[in-house]
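Please read it alongside the coordinates displayed here.

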Amino acid sequence: MRKYIIYILLFICTITYGSSKMSVIPVVKGVERIGGNFDMSLLKGVTISADSYETDLLYDYLLSSPLKLSKSSSNNGVLTLRRVDKVNGCDSPEGYSLRVTKRGIDIEAISGAGLFYGVQTLLQMSYGNKKIPCVEITDLPRFEYRGLMLDVSRHFFGKDFLKKQIDAMAYYKLNRLHLHLTDAAGWRLEIKRYPLLTSFAAWRDRPLWKDWWNNGRLYKNEGDTGAYGGYYTQEDIKELVAYAQKHFITIIPEIEMPAHSEEVLTAYPELSCTHVPYKQSDFCVGNEKTFEFLENVLTEVMALFPSEYIHVGGDEAGKLSWGDCELCRKRMSDEKLKDNNELQSYLIHRVERFLNSKGRKLLGWDEILDGGLAPNATVMSWRGVEGGLKAIEAGHKAIMTPGEFCYIDSYQDAPDTQPEAIGGYLPLEKIYSYNPIPENISEEKTDLIYGVQANLWSEYIPTEKDVERMVYPRLLALAEVAWSDPSHKDFIDFRKRAIKAVDFLKSKGYFPFDLKNEIGNRVEAKKRIKHLGLGKKVIYLPKGKYYNGYTAGGDSALVDGIRGGWSYTDHRWQGFIDTNGLDVVIDLGKEKKIKYIGAEFMQICGPELFLPANVHISVSNDGKEYRVIKDIANEVVKDDKVTFKNFSWRGKMKARFVRYQAERGKFGGFIFTDEILIK
């Protein structure tokens with residue numbers, strides 16, 4: 001009987017040979033081991049059967065790949081790529097089947113993209129291996145859109161660097177590169193009709209964005225002493241687009257409007273409401289010259305980028321000048337627009353009609369929903385998932401890119417071990433845990449979730465090495481989220497594969513984060529803590545209530561035993577922004593002996609989180625008369641660090657009620673705490 005059990009187990013192991021053992025990222029849908037191995041040294045040639053354009057692309061890629069293949073017509077030791085009408089178990093044009101036998105390797109797909117992705121799986125299987133297992137693989141992506149956004153405005157990165165990232169994106173089956181080309185910090189695309197955009201608006205007086213932002217935000221002319229910046233010529237873009245196409249990647253350009261346009265409105269101030277340089281960030285929507293400018297720019301953009309979508313930004317418009325602008329008020333009156341949101345919507349609708357007339361589609365951040373969504377627009381949902389859900393319910397496509405899971409400009413490990421970042425904490429595991437399909441969406445609407453994207457904003461990322469450290473390996477987690485079925489995901493297994501991928505990327509000249517030496521979350525956040533206040537009643541006094549956007553679970557959050565991690569966005573830190581800050585009373589139920597009362601606060605100055613300026617700790621036995629047992633004054637100082645500081649009392653006493661007050665300081669902003677400990 002034992003013999004038969006062993007045979008059965010061996011059989012199961014044979015037919016379920018896991019893709020994880022091949023260190024393939026993203027994990028593939030299905031693998032069947034068919035016995036034996038193929039000696040990669042025998043693979044000398046490749047033959048391709050597809051349309052002429054795809055064949056040329058694939059030959060060009062393979063002949064220069066690590067496989068070092070040549071064109072061949074032999075039957076043995078050959079990689080055969082074949083475009084077919086149907087692949088069993090695969091209904092996506094980007095899916096493929098890959099069969100490895102002792103004689104050779106066959107890849108079939110219904111498109112050139114599918115064949116290309118089959119090649120990427122083969123490349124990963126064979127990296128560092130003289131032999132690979134004989135297997136049959138069927139694989140396809142979960143989402144059509146699998147993207148990375150790079151902000152090249154805040155800090156400029158050249159075309160060769162972008163090509164290098166395209167190589168890595170293709171290797172991990174990502175297919176959209178979104179370039180944030182314009183913002184206050186610099187315009188990065190040659191527009192021949194408006195030369196000041198690159199001779200002036202592409203250059204600033206300080207190289208580091210933070211220094212520039214905090215010291216006047218001045219621009220310079222190209223060639224001036226100390227001018228920092230750069231831009232892509234139209235020839236650069238043509239070269240980049242062609243390179244991306246060879247890797248089956250689409251480049252999507254973003255031209256910001258109506259906001260984030262200080263650089264444009266300083267170069268061409270007549271497009272602002274005041275016509276004064278250095279005064280505004282929003283285009284004047286009442287001015288016809290604005291639309292003449294935007295349409296002329298977009299015409300040149302569309303001539304360079306063949307992408308289906310043109311991204312128009314649409315986020316974070318201040319709209320402050322529109323109410324005082326005669327032209328904007330007239331536009332609102334003529335078009336019967338009730339408020340500034342509808343005025344922005346007018347601009348988005350009008351730009352969409354122009355793009356649609358040229359055979360293109362409009363893509364924008366979720367603020368394009370404000371005032372009414374343009375009829376054919378697709379929404380990129382970054383402020384949580386609500387914008388995406390709203391778009392989907394209205395019948396529009398959505399790309400999910402919520403900051404909590406997809407903003408890879410956040411710290412990925414203990415902040416004091418990392419270069420300065422914008423704040424937050426987004427480790428590999430959290431990205432990997434993301435499911436772009438929300439639980440509360442109806443099944444018939446899921447097809448409107450077009451895909452998912454990681455975003456790298458570069459305010460605090462000035463060098464190419466910094467970019468790669470922030471992108472890799474976190475982008476690989478996003479790649480698996482975007483490609484693989486959730487039922488095939490396993491973080492423990494993925495982390496092992498990601499560590500190997502880090503070594504691979506290093507061998508290819510990339511500078512990824514050293515994952516194997518990851519520290520992880522704060523020690524305090526790793527286990528629940530017990531104390532006298534645990535689960536007790538918390539009374540928030542009227543002027544000390546928490547902010548609705550950072551509730552951390554509500555009225556019980558400060559006595560739930562759950563400590564916060566490195567980020568105030570982890571739903572464990574409670575935020576306070578009222579003038580009086582935090583003011584709570586904890587009722588212990590009865591008089592108890594107390595030796596310690598304390599709370600820890602977080603400071604990150606970039607997003608305006610500050611330590612409290614004053615803390616008052618009081619006690620009472622009747623809940624009416626309180627005795628102050630400690631006053632703590634704290635000088636709040638702005639810095640570039642992520643700081644945690646404890647404000648506490650120690651001693652011996654008896655009390656039933658504990659009152660804890662923490663007041664904001666001269667810089668205002670938020671104060672955040674995670675737990676009030678009573679021992």
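In this predicted model, Asp-205 lies in the loop that runs between strand β10 (203–204) and helix α6 (209–213). Asp-205 is buried, yet it has no salt bridge, since Arg-206, the nearest side chain of opposite charge, is 4.1 Å away and a salt bridge is counted only within 4 Å. Once its neighbours within four places in sequence are set aside, the contacts of Asp-205 are Trp-212, Leu-218, Lys-220 and Gly-226.

The helix to consider next is α4, which comprises 13 residues, 159–171, and reaches 19 Å from its first C-alpha to its last, close to the 18 Å expected at 1.5 Å a residue. Just after α4, Lys-173 adopts a positive phi of about 65°.

Helix α4 also takes part in the second largest pocket, whose volume is about 800 Å³. Of the 31 residues lining this pocket, those closest to its centre are Ser-65, Pro-66, Leu-67, Leu-123 and Lys-508. The largest share of the lining, 4 residues, comes from α4, and the table lists the helices that contribute.

| Helix | Residues supplied to the lining |
|---|---|
| α2 (52–63) | at least two residues |
| α3 (112–126) | at least two residues |
| α4 (159–171) | 4 residues, the largest share |
| α7 (234–246) | at least two residues |
| α17 (491–507) | at least two residues |

Conventions: Residues numbered from 1 in each chain as written. Predicted model: local features only at pLDDT ≥ 70, side-chain atom pairs only at ≥ 80, totals over all residues. Heavy atoms only, no water. Buried < 20%, exposed > 50% of the residue type's maximum accessible area, 1.4 Å probe, protein only. Lys, Arg positive; Asp, Glu negative; His and termini not counted. Contact = heavy atoms within 4.5 Å. Expected span 1.5 Å × (residues − 1). 1 Å grid on protein atoms, 1.4 Å probe; cavity = no way out; pocket = protein on both sides within 12 Å on 5 of 7 lines; lining within 4 Å. Points joined across faces, edges and corners; volume = space filled by probe spheres on them.
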